Amino acid sequence: MHYWEKYKETVVKNCSDPRLIDIDVAYWRNKLFISTVIFLIPLSIIAIIPGIYMAIITELYMLIFADFVVIISFGVIAFNSTLTLDFRKKLMCTCLYFVTIVLLYYLGTSGPGLLYLLALSVFITLIFEFKYGVASLIVNTIICTIFALLIYFGISNSPIISEYNLDVWIAVSLNLIFLSAVSVLLIPKLFNGLQSAFDKKQKAENELQMSKIELENSLTLLEVKSKELEQFAFVASHDLQEPLRMITSFLAQLERKYEDVLDEKGKKYIFFASDGAKRMRQIILDLLDYSRVGRINSEKTEVDLSEVISDTIALNRKLIHEKNADVSSESLPRIKAIKPHMQQLFQNLISNALNYQKPGNEPKIKIRAKETESEWLFSVEDNGIGMHAEYFEKIFNIFQRLHGKDEYSGTGIGLAICKKVVEEHGGRIWVESDPGKGSTFYFTLAKNISKIQDSG
């Protein structure tokens with residue numbers, strides 16, 4: 001087996017054209033030629049043994065000479081590394097024609113000479129381009145014509161002369177030439193179709209590659225722009241706090257120093273200005289929170305979400321007490337996440353559930369977790385004012401509010417932060433709601449640690 005592999009490797013190396021690629025018909029023509037060389041040499045060596053025996057018995061020593069010429073030529077084609085690919089192909093076809101003519105002349109119809117002529121036309125058309133197929137058709141015609149002349153004039157004592165009269169030979173020759181012509185005409189059509197298919201495939205692959213490159217460039221550019229925008233929001237929000245602090249401070253001093261001078265209208269104006277500054281500061285703080293999500297590469301750790309809920313309830317204890325709210329949770333898991341982001345997520349959802357309530361209504365908030373094969377599904381359910389389905393997507397966009405600031409407080413950034421946090425953790429968030437019946441916010445988080453802790 002080792003020698004066979006070495007033999008094949010040598011033939012492939014010597015008979016290959018490194019310029020050809022597998023989307024070119026010429027590549028597959030060459031592969032066919034290589035396969036022919038690989039298998040024809042050992043088959044010829046095997047066939048020569050009974051051939052020599054028969055030639056000695058019949059005293060047709062020319063057949064022995066022809067066989068040795070062909071085998072030596074095949075050896076040169078396979079093992080001589082200095083020959084060009086085109087010369088190897090032509091040498092092989094010449095040798096095959098030589099042995100075919102010898103067989104036809106010395107054995108007549110008892111040999112495969114006529115069949116070889118047809119096979120040669122097919123083979124030449126397969127490994128060469130169209131013009132060589134036409135050349136083989138012409139050569140077949142010339143050979144058949146020469147044998148017709150031998151038969152007509154009775155020049156030779158070849159078996160073929162005694163087996164055929166001229167009329168029969170012409171009929172046989174015409175059929176041979178016709179089949180050769182059909183092969184020469186149809187095989188290139190097949191290759192043209194294959195080349196067209198290769199070209200279309202390559203064009204599609206090139207277009208796909210270009211689209212992929214353009215998409216990667218667009219994603220890279222989008223990522224750069226997103227980081228620039230987040231950096232801008234962070235810097236702008238941070239820098240805006242100082243002048244706001246000055247405005248709030250001077251307004252407080254103005255109200256205190258000129259309290260006896262200002263009338264009710266002046267005091268109202270100062271109140272509006274102070275309230276606007278406070279709301280502006282809250283927007284800036286929320287913007288800072290939003291810009292920090294994804295911008296700061298915090299390490300994911302094991303987070304007990306039961307503790308996160310407990311901390312969130314403690315932070316909102318005053319508001320929960322004022323509204324006589326009931327906030328409860330079922331068993332919540334421990335997951336691999338960024339803890340501050342989880343605190344932001346639940347703080348915003350619980351705060352919204354407490355805030356968006358009808359006057360006098362006692363909020364009831366239920367937090368649940370459900371385990372699936374690859375993730376955790378969470379829900380935060382409330383009995384608040386609810387919303388129409390047309391707003392289900394809108395509420396997760398930054399600065400999108402469904403109510404005026406006089407009705408319900410907020411900056412319109414909280415749910416945008418929730419969405420960003422969930423997506424940073426490979427999940428998705430959505431809402432189901434009915435006006436007047438409350439809302440349920442659902443979100444998923446990747447399941448890294450499946451251990452569940454009990455919580456109140």
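Q: Of the contacts in the chain with a separation of 6 or more, what share comes from residues 24 or more positions apart?
A: This is a predicted model, in which local features need pLDDT of at least 70, side-chain atom pairs count only at pLDDT 80 or more, and totals for chains, interfaces and linings use all residues. Residues are numbered from 1 along each chain as its sequence is written, and side-chain values use heavy atoms, without hydrogens and water. A contact means heavy atoms within 4.5 Å. Among contacts with a separation of 6 or more, the share from residues 24 or more positions apart is 71%.

Q: How many helices and strands are there in the chain?
A: Both are DSSP runs numbered from the N terminus: helices are H or I with at least four residues, strands are E with at least two. The chain has 13 helices and eight strands.

Q: Is Asn 14 buried or exposed?
A: Asn 14 sits in helix H1. Apart from neighbours within four places in sequence, Asn 14 contacts Ala 78, Phe 79, Asn 80, Ser 81 and Arg 88. Buried means under 20% relative accessible area, exposed over 50%, and partly exposed in between (1.4 Å probe, protein chains only). Because its relative accessibility is 13%, Asn 14 counts as buried.

Q: Which elements are included in what covers the buried residues of H3?
A: The buried residues of H3 include Leu 63, Ile 64, Val 70 and Phe 74. Their cover includes helix H1 (2–15), H2 and H4.

Q: Which helix gives the largest share of the lining of the second largest pocket?
A: On a 1 Å grid over the protein atoms alone, a pocket is an open set of points where a 1.4 Å probe fits, with protein on both sides within 12 Å along at least five of seven lines; lining residues have an atom within 4 Å of a point. The second largest pocket has 25 lining residues, with Ser 44, Asp 67, Val 99, Leu 103 and Tyr 116 nearest its centre. Helices H2 (25–58), H3 (61–79), H4 (85–107) and H5 (113–127) each give two or more residues to this lining. The largest share, 10 residues, comes from H2.
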